[in-house]
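Here's a quick briefing to read alongside the coordinates. Have the viewer open and colour by chain if you can.

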Amino acid sequence: MKKLRLIAGVIALGLAANACGGAKVEDDSNAAPSASAAGSAAASAAGTVKIAINPWVGYEADAAVLAYLMEHELGYKVEKVTLAEEPSWQGMESGDVDVVIENWGHEDLKKKYIEEKKVAVEAGSTGNKGVIGWYVPEWMAQKYPDITDYKNLNKYADLFKTSESGGKGQLLDGDPSYVTNDEALVKNLKLDYKVVYAGSEAALIKAAKQATDQKKPLLMYFYEPQWLFNQVKLVKINLPVWEEGCDSDPKKVACDYPPYDLDKIVSKKFADTGGKAFDLVKNFQWTNDDQNSVADDMTNNGMSAEDAAKKWVEANAAKWQAWMPK
Amino acid sequence: MVSAPVRTAPPPMPPPAPPVPGPARARRLVRWAGPAAGVVAVVALYAAFRGTAVLPHDDDAALFHWLNDARDWVDANRNSSPIFLYVVNYIRLGVAELYTLVQGGLVALGWPGLIGLAAGLGWLAGGWRIALVAAAGFAGVGVLGFWEASVDTLALTLSAVTLSLLIGIPLGIWAGRSARVRRIVTPVLDVMQIMPTFSYLSPILLLFLIGPASATIATMIYAMPPAIRITALAVQRVPGVTVEASESLGATGLQTLLKVRLPLALNTIMLGVNQTIAAALSMVPLVALIAAPGLGVDLIRALARVNVGAALVPGVAIVLIAIVLDRVTRSAARRREGGRRARAVRWGGFAVLTAAGIALTPALATEFPEQWQVQVVRPINDVVDWIEGHWYVFTGFLNDTVAYGLLNPLQDVLTSAPWWLVTAAVLAFAWRVSGPAAGLVAAACLVGVAALHLWEHGMETLTIVLVASLITIAVGLALGVAAARSRWFAAGLRPVLDAAQTMPSFSYLLPAVALFSNGRFTAIVASLIYAVPVVARLVEDGLRAVPATVIEAARSAGSTDRQVLWKVQLPMARNSLLLAANQGIVMTLAMVVIGALVGAGALGYDVVAGIAQQEDYGKGFAAGVALVLLGVMLDRITQGANGRRSPHKKRNA
């Protein structure tokens with residue numbers, strides 16, 4: 001083993017010393033553990049596709065179904081790269097990511113990586129409609145009917161105080177990597193609230209369940225599509241209506257989140273050499289209900305991502321056969 | 001308060017218990033007058049200047065924008081600036097290549113081959129026992145169902161360790177032979193080891209983007225200090241007589257180094273390798289945040305799903321790998337006896353075991369057989385669910401007590417006090433406990449945090465660290481004292497502490513999150529599990545080191561057990577206690593920062609957000625630096641009066 005390490009070291013040094021034209025970051029993508037050899041007609045497998053896995057179960061549901069189809073129908077090897085949203089874009093530059101399967105807006109990143117750097121391209125809508133907003137449990141909306149208007153939130157701030165919110169009302173956010181304007185919103189709408197990060201989707205879900213079961217006040221950031229809406233009733237707070245451009249400066253946002261048409265982003269290289277796998281990604285389109293059923297199986301019915309995908313694929317042949325590359 | 005003498009040595013004999021002679025009492029009064037006056041002064045100044053010169057947090061600080069711009073420049077010039085074209089990108093390329101080679105090699109061996117090789121190396125290093133441990137450990141990883149991820153982790157660890165040694169050993173030899181180099185290297189190593197691992201990530205991301213290459217580099221940086229330190233120590237310790245003999249026989253400097261110094265130092269250097277591997281493995285969960293494959297990914301994902309069982313299992317897999325690598329390198333460090341025959345047996349056994357493993361590879365399935373894997377996730381989660389459902393009132397009560405009783409008041413004080421007052425208080429305190437140099441460094445660090453525009457978040461982090469350290473040291477002290485007094489208790493405690501010390505710290509967040517939901521208290525609980533074992537162990541060792549004759553003498557003078565503890569054992573174990581406090585605090589800081597992943601906020605959150613959100617990059621970068629400053633400050637304050645360097649036995653962060 002020592003020898004192996006030695007050889008490895010020598011080769012690495014040799015590589016660094018020999019080439020002399022200067023190295024660009026993409027160059028190494030061929031050296032990464034499983035090169036995206038989709039273009040080459042390898043004997044056994046069609047190649048490897050690296051799908052970024054962003055940290056929410058809806059995303060994982062999309063990725064699970066695509067991965068299942070790539071592996072079982074097209075003969076690709078799929079590598080799932082667990083990453084937050086914005087680093088995933090960087091992964092398309094560094095060669096670590098081929099596909100982002102559920103992208104939420106990110107106009108700034110589109111500009112940077114698609115228009116300027118030209119390392120990524122759009123691959124169309126997933127068919128899912130995305131909503132981001134602030135929610136309270138249904139019992140609160142019934143007990144305090146005017147709470148759903150953001151203007152009245154300050155009146156109820158005391159209800160939402162916790163040990164973590166520093167004397168203000170608590171607005172519970174999710175993973176620090178999620179798309180959020182909440183800190184700017186609280187500031188610009190002059191709300192007496194503090195944004196507290198729960199850290200993950202699962203933590204938000206747990207909080208929502210507890211708030212419903214134990215009638216604990218809760219104001220939280222949440223989003224659709226999400227299976228939880230089938231189990232727990234949540235009511236959306238009305239923020240100032242979104243209009244085109246009202247959220248262009250992230251520090252000055254004082255309006256609701258836009259309606260999202262969730263779309264797919266792939267690396268330029270994958271678009272050029274991804275073959276059938278790229279065609280499948282491009283054709284992939286389904287509904288929020290489809291995603292929720294797979295996500296629900298993964299979260300609540302104890303299924304692995306692969307089993308949940310298999311179940312959906314077996315039950316929805318007509319849908320996925322339409323995505324298959326001709 | 002400044003020049004108050006600090007007691008450096010305990011009295012050799014305990015003062016006869018109750019009656020304190022008059023002059024001694026007076027001296028004691030004088031000794032405490034300074035600090036008491038200082039405390040009064042700080043309180044009075046706080047009352048007078050409360051709310052002035054506070055530095056509220058501002059996300060828009062010019063420094064953050066400047067750092068963001070710097071990031072944008074790097075992003076725009078990554079493929080055109082000569083520094084990147086000819087240096088940085090090649091490093092990235094070379095490291096990626098190394099990782100690919102190692103990973104490819106390990107995969108090519110197949111699981112029987114790798115187990116065989118591990119057993120062979122174990123045999124080579126320490127005979128059949130170690131061979132058995134190695135085989136069982138690696139097979140165990142497969143049984144847990146994490147074979148592939150473990151191979152990735154192993155590959156990353158081995159690549160990083162290789163690089164650490166390639167750089168660290170020559171540096172260590174140099175430092176061992178030149179006092180000047182040693183003087184430069186030592187403080188740098190100190191800082192590297194105090195630094196919370198989180199703060200490495202932003203700069204590394206900037207230079208090397210995400211991926212296995214940056215992960216290997218981050219791990220390498222963290223793992224290198226022990227390699228340098230221990231090599232330097234080993235080279236220094238080579239007896240002068242031997243070196244002289246070699247030189248008088250006409251050997252050149254290089255010959256002496258290669259034929260005398262290094263062979264004599266080899267066994268100690270192997271211990272350095274051992275420590276380097278331990279440090280590298282502790283980075284596994286963290287580098288998953290920057291797209292490194294391996295067991296860390298499963299840990300992080302389990303954290304995001306609040307799935308305790310799913311996090312515990314990869315945690316155990318990391319422990320198994322750690323145990324195997326530890327035992328193999330540790331026994332390799334032992335001096336080997338025996339002549340030619342013993343050597344033949346060693347290498348023969350190694351060849352046979354490895355060959356047997358590799359021969360089995362084509363015969364057996366390529367993937368670790370599924371029917372051999374055991375499912376443990378569900379039972380663990382059932383237990384957790386039960387506790388969650390039944391202890392809710394109790395855990396909520398604990399959380400609120402600590403938050404409202406300790407955290408919030410302390411945070412209010414620290415954030416509403418003028419920054420100069422906090423700095424002055426730290427200066428005075430550190431000066432008194434650890435001397436003027438430490439005081440100045442500590443105060444300079446705080447000024448640095450203020451200059452980084454992160455004062456408020458820094459104070460929030462400090463609050464959590466102080467409260468967590470307080471609880472950690474109290475619990476560690478109690479456990480250590482109990483273990484030192486009762487052999488039975490010590491025997492029972494030891495394996496628990498061992499286990500707690502080798503688990504990757506991320507695994508502790510999970511049970512804490514499940515019980516206390518997200519927030520600062522969860523981070524405190526996790527840091528408790530993480531740091532208490534080390535504190536308890538240092539306390540126990542220190543107390544046990546008090547000579548039995550001294551205790552005997554105290555007893556015969558009529559002291560009760562309690563008096564022996566408070567008047568003899570604890571004062572005499574002062575150095576160990578200080579070291580325990582130092583380690584406890586540094587480890588707590590590391591853990592509290594990771595607690596940002598479960599909602600502990602403050603600087604740790606800034607770093608996490610800086611990795612995850614473009615516009616927060618600058619703030620995250622600055623927060624990383626601020627964390628280093630806080631770490632250095634806390635370390636200096638607790639270094640103790642005699643200027644002794646703490647040995648930093650920090651493991652698995």
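What follows is a short tour, from confidence and annotations to the contacts and a few local details.

This is a predicted model, and it scores ipTM 0.80 and pTM 0.81. Two chains meet here, with 47 residues of chain A and 55 residues of chain B taking part in the contact. Chain B itself splits into two domains, domain 1 (82–236 + 268–382) and domain 2 (391–637).

**Confidence in chain B**

- The average pLDDT of chain B is 81, and 91% of its residues score at least 70.
- Residues 1–20 of chain B sit below 50 in pLDDT, and the stretch has 29 contacts in the model beyond near neighbours in sequence.
- Residues 641–653 of chain B also stay under 50, with 30 contacts beyond four places in sequence.

**What the records say**

- An unreviewed UniProt entry puts "domain: ABC-type glycine betaine transport system substrate-binding" on residues 48–314 of chain A.
- That span, residues 48–314 of chain A, comes out as 37% helix and 23% strand, and its end C-alpha atoms are 24 Å apart.
- For chain B, UniProt (again an unreviewed entry) lists "domain: ABC transmembrane type-1" at residues 150–329 and 458–638.
- Residues 150–329 of chain B are 87% helix and 0% strand, with 19 Å between the end C-alpha atoms.

**Where chain A touches chain B**

- The contact draws on 47 residues from chain A and 55 residues from chain B.
- On the chain A side, at least two residues each come from helix 1 (2–18), strand 2 (77–82), helix 3, strand 6 (193–197) and helix 7 (201–213).
- Helix 1 of chain A gives the most to that side, at nine residues.
- By residue type, the side of chain A that touches chain B has 25 nonpolar, 10 polar and 12 charged residues.

**The two domains of chain B**

- The C-alpha centres of domain 1 and domain 2 of chain B are 28 Å apart.
- Their contact takes 26 residues from domain 1 of chain B and 30 residues from domain 2 of chain B.
- On the domain 1 side, helix 5 (179–194), helix 6 (198–208), helix 10 (284–287), helix 11 (295–304) and helix 12 (308–332) of chain B each supply at least two residues.
- Helix 12 of chain B has the largest share of that side, with seven residues.
- The side of domain 1 of chain B that touches domain 2 of chain B has 21 nonpolar residues, five polar and no charged.

**Helix 3 of chain A**

- Helix 3 (residues 85–94) of chain A is largely enclosed by the rest of the structure, because 10 of its 10 residues are buried.
- Among those buried residues are Glu85(A), Glu86(A), Trp89(A), Met92(A) and Glu93(A).
- Look just after helix 3 of chain A for Gly95(A), which takes a positive phi of about 90°.

**Strand 7 of chain A**

- Strand 7 (residues 220–224) of chain A is mostly covered, with five of its five residues buried.
- Met220(A), Phe222(A) and Glu224(A) point one way from this strand, Tyr221(A) and Tyr223(A) point the other way, and all are buried.
- Strand 7 of chain A runs antiparallel to strand 4 (residues 120–137) of chain A, and five bridges join the two.
- Tyr223(A) in strand 7 of chain A is the bridge partner of Ile132(A).

Methods
Residues are numbered from 1 along each chain as its sequence is written. Chains are lettered from A and ligands numbered from 1 in the order in which they are written. This is a predicted model: local features need pLDDT of at least 70, side-chain atom pairs count only at pLDDT 80 or more; totals for chains, interfaces and linings use all residues. A residue is buried if 20 or more other C-beta atoms lie within 10 Å of its own, exposed if 12 or fewer, and partly exposed in between; C-beta atoms are placed from the backbone. Helices (H or I, at least four residues) and strands (E, at least two) are DSSP runs, numbered from the N terminus. Two strands pair if DSSP finds at least two bridges between them. pLDDT is the predictor's confidence in each residue, from 0 to 100. Two residues are in contact if their C-beta atoms, placed from the backbone, lie within 7 Å. UniProt positions are given in the numbering used here, feature names are shortened, and annotations may be inferred rather than shown by experiment. Ala, Val, Leu, Ile, Met, Phe, Trp, Tyr, Cys and Pro count as nonpolar, Asp, Glu, Lys and Arg as charged, and the others, Gly among them, as polar. Domain bounds come from an automatic or database domain assignment.
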